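Student: Hi! Could you walk me through this one? I'd like to go over helix packing and then disulfides.
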Amino acid sequence: MDVFLSALTPSFLLHMFVHVAVPVGVAALFFRKDFRHASLLMLAGILIDIDHLAASPIVDPSRCSVGYHLLHSFWLIPVYVTLALYPRTRLIGLGLVIHIVLDTAECIRYGQPLELISPL
């Protein structure tokens, strides 16, 4: 339990807020007629963070997620983009792409290197 509580830093809370606010904002701007449905499907992009459970420590502020965790792998990013291009999977794909873009922006912001080869 202490490990979980120690991860709840202001930086991590801001990170999670942005991961919720941006998809909801995109839904409000571009999918107004179907806002609730669009928001929920794009928020599902947060579920790729389940791959953090395979890492030790689960949350490491000095580690860039993109390229390190399995579901944040560079080879999966084109799959996420492809999902965003097709109408049936567009909202889920957008949620995943938004998630990866936000994680990449955070890596760049903190000067963390992007892992080109996953350690898994």
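Student: Is the crossing of H2 and H3 right-handed or left-handed?
Tutor: The crossing of H2 and H3 is right-handed. A crossing counts as right-handed if the near helix is turned clockwise from the far one by less than a right angle, and left-handed if anticlockwise. Bear in mind that this is a predicted model, where local features need pLDDT of at least 70, side-chain atom pairs count only at pLDDT 80 or more, and totals for chains, interfaces and linings use all residues. Residues are numbered from 1 along each chain as its sequence is written, and side-chain values use heavy atoms, with hydrogens and water left out.

Student: Thanks! Which residues of H3 are buried?
Tutor: Ala38, Ser39 and Met42 are buried in H3, where buried means under 20% relative accessible area and exposed over 50%, partly exposed in between (1.4 Å probe, protein chains only).

Student: And where do they sit around the helix?
Tutor: Seen down the axis of H3, the buried residues fall within an arc of 100 degrees, so they line one face of the helix. The arc is taken from the directions from the helix axis to the C-beta atoms. Exposed Arg36 and Leu40 are on the face turned away from that buried side.

Student: New topic: how many disulfides does the search find?
Tutor: One, across the whole structure; a disulfide here is a pair of cysteine sulfur atoms within 2.5 Å. Cys64 is joined to Cys107, with S to S at 1.9 Å.

Student: Is Cys64 buried or exposed?
Tutor: Cys64 counts as buried, at 3% relative accessibility. Cys107 is buried too, with a relative accessible area of 2%.

Conventions
Helix = DSSP H or I, 4+ residues; strand = E, 2+ residues; numbered from the N terminus.
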